Every structure is written in C-alpha cells, then in structure tokens.
Amino acid sequence: HYIGPNIAVVGAGNVEHKQLVELSEKIFGGVASQSPTGLEVKNADKPYFTPSILSMRDDEMVNVNVGVFFEAPSWHDEDHFAMRMFEKVLGEYTQDKYTGAHLNSSDRQYNLLHQYLGELPDLTIHKAFYNPYSDTGLFGSYLHGNEVHAPQMLFMSQVILTEYAQFMNEVEVFRARNKIYNELLQQETGADVAKAIGNQILYLNRRVPRSEVAKRISHMDSKHLGKVAFKWFWDAEMSAVLWGPIHNVITYSTYNRAWK
C-alpha cells in the first residue's frame with residue numbers, strides 16, 4: 001500500500017513550491033513506485049456492504065454504547081455532497097447542551113432526532129458520521145447513555161433517517177447548510193487546509209475549491225435530500241454494534257425493522 005501513487009504531499013500556507021518539491025524528493029525519493037513482484041493489490045473488486053450485528057455484553061459497565069451504520073455514497077458518487085448535508089442535519093448532541101425543555105418550539109433549535117433524545121434522561125452523547133471511500137462509504141450514528149434507553153437508541157438511529165425520506169423540515173436544511181458554510185470559512189490553519197486538499201487529491205485527483213463545495217450545497221433543498229434518503233436509507237440494510245449492559249436490547253429491540 002505504501003507506494004508512490006498512493007501518497008499525496010500537500011503544502012498549505014506560505015510555502016515555496018520549489019522547496020516543497022526538493023524536500024519531498026529528499027524524504028520520499030526512496031519510496032517504491034510500485035509494489036514488489038507478487039505483492040500487487042489490483043483493487044479491482046468492489047466491496048459489498050454486509051449487514052451484521054456485533055454485541056458485546058458487559059454488565060459491569062454503567063452505560064451502553066450503540067453504533068448503527070448504513071451503506072453510503074463514495075467520493076465519486078453523485079450523492080456525496082448530499083450525504084455531507086445529512087451528516088450536518090443529524091449533527092452532534094450532548095445532554096449538557098440540550099435545553100429543549102425551556103423552548104416554546106424546540107424544532108427551531110434542534111433536529112428531529114435530538115428532540116426525541118432530549119426526552120430521554122441520561123442519554124448523554126450522539127454523533128453522526130459519514131466516512132466516504134473510493135468506491136463505497138458508511139453513514140450512521142454513535143450513541144452513549146443509560147442502559148434503560150438502549151432500545152430507543154437503536155430504534156431512533158434507524159427510523160429517523162427513513163422519516164426524512166417522507167418529510168424534512170426546511171429549517172433543518174438551512175441549519176445544516178449554514179454549518180457547512182461556517183466550516184468552510186473556518187478552514188484557516190495549514191493542517192485543516194492540507195487535510196482537505198489531501199483527501200481530494202487522493203480520491204478525486206483534483207482540488208475542489210471551497211466555492212464549488214458551497215455552490216453544490218446551496219442547490220440542495222428538502223425535496224432533493226428526501227430523494228437521497230429514500231435511495232440510501234429507506235428499507236435498507238444496516239449494521240449495528242452494541243457494547244455494555246445490553247440485556248435490554250437483546251430482549252426487546254428490532255433489527256432491520258419491519259417498518260421502512
């Protein structure tokens with residue numbers, strides 16, 4: 001895997017191109033340009049998403065950890081940027097920051113999932129993840145909280161995404177879009193810029209400017225995101241990982257639900 005074609009050297013900030021090239025040749029000049037004979041990895045097969053369930057019961061733990069993931073678009077897929085929107089739609093949740101009980105309209109401040117999570121005491125953490133690769137991807141949620149709410153964690157992380165296939169509040173779309181705009185404007189450090197450029201070069205073989213990302217995101221509305229949700233989440237297979245005191249989950253929860 002560690003050969004020249006799989007390495008991208010990125011410089012961001014006050015960098016002299018000639019000096020960067022000289023340093024790259026000095027440090028990486030000895031890296032092979034191809035794999036040794038007999039060790040080539042052609043990478044010609046497309047990976048298949050295999051739905052599965054991994055349960056690790058540990059009744060000594062106080063809280064339970066739940067991860068639920070679906071197959072998602074790759075870097076090259078037309079739905080890549082829409083899935084980045086979904087990552088921001090679900091966003092992050094921590095119990096100490098949720099104040100929905102003191103708002104007249106919690107949906108103006110929190111998304112559909114976090115409204116439900118806010119009604120469950122001791123459900124402390126939620127975070128959405130979208131990890132795209134060259135020919136596939138993963139999208140899902142991680143949740144952490146009291147074992148009593150473990151079935152609800154598993155249930156809500158599945159059903160909310162299918163709810164978006166039927167209806168999505170435009171408020172959530174605008175909020176997610178603004179999050180991405182803010183992140184684009186906050187890419188100021190060399191490390192942030194270099195990381196973004198490196199991924200784009202490796203997967204797309206080109207630099208995607210921030211203006212292009214913003215333009216693509218600006219054209220997405222609730223109707224388009226609903227179609228994407230129907231394509232990737234509606235009646236789709238999923239994988240779940242559970243760790244902790246999960247006796248309640250094993251007894252009562254439904255996987256790959258009969259509902260869509």
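## Helix α2 against α5

Let's start where two helices meet: Arg 84, Met 85, Lys 88 and Val 89 on the α2 side touch Glu 172, Val 173, Ala 176, Arg 177, Lys 179, Ile 180 and Glu 183 on the α5 side. Sorted by class, the residues of this contact comprise five nonpolar, no polar and six charged. Please keep in mind that this is a predicted model.

How do the axes of α2 and α5 lie relative to each other? They come within 8 Å and cross at roughly 105°, with α5 covering residues 170-185. Angles of 65 to 115 degrees count as roughly perpendicular, and α2 is therefore roughly perpendicular to α5.

## Helix α2 against α7

Helix α2, residues 80-90, has another partner in helix α7, residues 210-218. Here the two axes come within 10 Å, and the crossing angle is roughly 80°. That makes α2 and α7 roughly perpendicular to each other as well.

Which residues make this contact? From α2 come Phe 81, Arg 84 and Met 85, and from α7 come Val 213, Arg 216 and Ile 217.

## A stacked pair across the chain

Now for the rings. A pair of aromatic rings is described by the distance of the centres and the angle of the planes. The chain holds seven aromatic pairs. One of them joins Trp 75 and Tyr 203, with 5.3 Å from centre to centre and 5° between the planes, a stacked arrangement. The two partners are 128 residues apart and link distant parts of the chain: Trp 75 sits in the loop between β2 (63-72) and α2, while Tyr 203 belongs to helix α6, residues 190-204.

Is Trp 75 buried or exposed? Trp 75 has a relative accessible area of 15%, and the cut-off for buried is under 20%, so Trp 75 is buried. Tyr 203, with 24%, is partly exposed.

Gln 200 also lies in helix α6 and counts as buried, at 9% relative accessibility. Leaving aside residues up to four places away in sequence, Gln 200 touches Trp 75, Asn 205, Arg 206, Arg 207 and Val 208. Trp 75 thus has a contact with Gln 200 as well as its ring pairing with Tyr 203.

Phe 230 and Trp 234 form another pair, with ring centres 5.6 Å apart and planes at 20°. Planes under 30 degrees apart count as stacked, so this pair is stacked. Phe 230 is partly exposed at 48% relative accessibility, and Trp 234 is partly exposed at 24%.

Which residues form one aromatic cluster? Phe 70, Phe 86, Tyr 130, Phe 139, Tyr 164 and Phe 233 do.

## The chain as a whole

Stepping back, the chain contains nine helices and six strands. Its C-alpha trace spans about 60 × 45 × 35 Å along the principal axes. Of the 260 residues, 37% are buried.

The accessible surface comes to about 15500 Å², and carbon and sulfur atoms account for 53% of that area. Among contacts between residues at least 6 apart in sequence, 78% join residues at least 24 apart.

Conventions:
Residues are numbered from 1 along each chain as its sequence is written. This is a predicted model: local features need pLDDT of at least 70, side-chain atom pairs count only at pLDDT 80 or more; totals for chains, interfaces and linings use all residues. Side-chain values use heavy atoms; hydrogens and water are left out. Axes are lines fitted to C-alpha atoms, for helices over the stretch in contact, and angles run from 0 to 180 degrees between N-to-C directions. Helices (H or I, at least four residues) and strands (E, at least two) are DSSP runs, numbered from the N terminus. Angles under 35 degrees count as roughly parallel, over 145 as roughly antiparallel, 65 to 115 as roughly perpendicular and the rest as oblique. Contact means heavy atoms within 4.5 Å. Buried means under 20% relative accessible area, exposed over 50%, partly exposed in between (1.4 Å probe, protein chains only). Accessible areas come from the Shrake-Rupley method with a 1.4 Å probe; for residues, only the protein chains shown count as cover. Rings of Phe, Tyr and Trp (its six-membered ring) pair if their centres lie within 6.5 Å; planes under 30 degrees apart count as stacked, over 60 as edge-to-face and the rest as tilted. Ala, Val, Leu, Ile, Met, Phe, Trp, Tyr, Cys and Pro count as nonpolar, Asp, Glu, Lys and Arg as charged, and the others, Gly among them, as polar.
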